[in-house]
Amino acid sequence: MSADALAARTADAFAARFGRTPAGVWAGPGRVNLIGEHTDYNGGFVLPFAIDKTTTAALAVRGDRTVRVASALSGTEAVEVDLDGLRPGAVTGWAAYPLGVAWALEQAGVRLPGFDLLVDSDVPVGAGLSSSAALECAVAVGLAELAGLDGSVRRGGLAALGGPGGPGEPGGPGGLARLDRRALAAVGRRAENDMVGAPTGIMDQYASLFGAAGSAVFLDCRSEEVQLVPLELDAAGLVCLVLDTKVSHAHATGDYARRRDSCTRAAEALGVPLLREVPLDRLPEAQQLLDEETFRRARHIVAENQRVVETVKVLRSEGPAAIGRLLDASHGSMRDDFEISCPELDLAVDTAQANGALGARMTGGGFGGSAIALVPVGDLDKVRDAVLRAFASRRYRQPELFTVLPADGARRLL
Ligand code: ADP
Ligand code: MG
């Protein structure tokens, strides 16, 4: 569905639910990560892009401090709370995402009015395409604008950065005017970390807020510096095919924490605060210092970080058709060294690679979720059919296959 059609549907649902027209409808896109997996919490580089699947948020302010939130995905029954009662632990379920955003904005020094909110989405939920950040960012840009902070937010993209490259300083002197997209990314992350209780990094919110059509978002997770990198798939005759294995990654919290621990241990042994500081040529030394498994974990991070830098270079010099080998190498590293893939993801990637994809890899945290494949338009049907057949012959659950394009970041639609 087009974003505009989704926005119109969301406005209608808002009117039906709350009996008045919304003040506006804002969109936050989902994302895929092109390359750079688990590098975020190691202070490294990531290269996601915002996709043409979005979450929409219809909003209208109220005259009191009451908040009512409803989602088309949850039967549109509204959750009602008082803004003054918001705190971590006070809200559970899906409403913790939008209410977490409201709470984090107020924590950042923004005084919000009460509001009614209705959200809708065509981002698949729980598929590793970050429906969570899409929801947070749609609500964050909408509330920021309603609270009168739109000056720096509405322009979008890099132009929205406040000050000379510095992060926003909400709550500080002049803080409100400088509540820019970096600050909104922090708000989204805080909602997810503190209100929902998911210990995620900053990548997803940056992708959703800084994405631009035809571009990938090159993010340095240590400095939070952002650069847009050309990713014109259309012009290159390519599509990005998402292969959603439907394998739930929800059980993976323990594995995720163990990977983080391995990275912390490796960094300590190598005398650096973050594995991002380790260059490729220190790997032989790392192999001496670390046990076999921890070494492989570290090798993935160090090499993956390098692959992100290399991918950016190749995109700028040769274009997307030349990055396939980097995607393939990334998947091999996640499968063998970091061990976060699963049989379904490996099958999706192997089958895509064998049937015309220029490159393929799992994307997101791993242990399930989605893979992506870079496919020449003419080979799309072949790849699709081969993957469906391969899954059927192993009696795996039928995967969901769809293409995505690099799209604009969070913005007002209506
Ligand atoms: P992912 O971000 O990979 O899609 P997460 O588990 O991080 O998976 O986030 C999914 C959760 O976000 C859902 O379980 C739900 O609570 C919430 N969510 C996302 N989009 C919506 C929506 N449109 N309506 C209601 N809840 C949503
Ligand atoms: Mg998520």
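Trainee: Before we start, what sort of model is it, and how is it numbered?
Mentor: It is a predicted model, where local features need pLDDT of at least 70, side-chain atom pairs count only at pLDDT 80 or more, and totals for chains, interfaces and linings use all residues. Residues are numbered from 1 along each chain as its sequence is written, chains are lettered from A and ligands numbered from 1 in the order in which they are written, and side-chain values use heavy atoms, with hydrogens and water left out.

Trainee: Thanks! What is the span of helix H10?
Mentor: H10 covers residues 324-336, and its end C-alpha atoms are 19 Å apart. That agrees with the 18 Å which its 13 residues should span at 1.5 Å a residue. The expected span is 1.5 Å times one less than the number of residues, and helices (H or I, at least four residues) and strands (E, at least two) are DSSP runs, numbered from the N terminus.

Trainee: Which residues of H10 are buried?
Mentor: Gly324, Leu326, Leu327, Ser330, His331, Gly332, Ser333 and Met334. Buried means under 20% relative accessible area, exposed over 50%, and partly exposed in between, with a 1.4 Å probe and protein chains only.

Trainee: And what covers those buried residues of H10?
Mentor: The cover includes strands S1 (24-35), S9 (359-362) and S10 (370-376), along with helices H9 (292-317) and H11 (343-354).

Trainee: How do H9 and H10 cross?
Mentor: Their axes come within 10 Å and cross at roughly 170 degrees. H9 and H10 are therefore roughly antiparallel. For the wording, angles under 35 degrees count as roughly parallel, over 145 as roughly antiparallel, 65 to 115 as roughly perpendicular and the rest as oblique. Axes are lines fitted to C-alpha atoms, for helices over the stretch in contact, and angles run from 0 to 180 degrees between N-to-C directions.

Trainee: Which residues make that contact between H9 and H10?
Mentor: On the H9 side they are Arg296, His300, Glu304, Arg307, Glu310, Thr311 and Val314, and on the H10 side Arg325, Leu326, Ala329, Ser330, Ser333, Met334 and Asp336. Contact here means heavy atoms within 4.5 Å. By class, this contact of H9 with H10 has 4 nonpolar, 4 polar and 6 charged residues. Ala, Val, Leu, Ile, Met, Phe, Trp, Tyr, Cys and Pro count as nonpolar, Asp, Glu, Lys and Arg as charged, and the others, Gly among them, as polar.

Trainee: What about H11 and H12?
Mentor: H11 packs with helix H12 (residues 380-393) at an angle of about 145 degrees, and their axes are 9 Å apart. Glu344, Leu347, Ala348, Thr351 and Ala352 of H11 make the contact with Val383, Ala386, Val387, Ala390 and Phe391 of H12. The residues of this contact divide into 8 nonpolar, 1 polar and 1 charged.

Trainee: Next, how do H2 and H5 cross?
Mentor: The axes of H2 and helix H5 (residues 181-196) come within 8 Å, crossing at roughly 120 degrees. H2 and H5 are therefore oblique to each other. Their contact divides into 12 nonpolar, 2 polar and 3 charged residues.

Trainee: Switching topic, is H3 enclosed or open?
Mentor: H3 is largely enclosed by the rest of the structure, because 15 of its 16 residues are buried. H3 runs over residues 131-146 and reaches 23 Å from first C-alpha to last, close to the expected 22 Å. Gly148, with a positive phi near 85 degrees, follows H3.

Trainee: Which residues other than glycine have a positive phi?
Mentor: Glu339 is one of them, with phi near 50 degrees. Glu339 is in the loop between H10 and H11, and is partly exposed at 34% relative accessibility. Another is His38, with phi of about 65 degrees. His38 sits in the loop between S1 and strand S2 (45-61) and is buried, with a relative accessible area of 4%.

Trainee: Last one: where is Glu268?
Mentor: Glu268 is in helix H7 (residues 253-270), and is exposed, with a relative accessible area of 60%. From C-alpha to C-alpha, Glu268 and Gly197 are 26 Å apart in space, and they are 71 residues apart in sequence.
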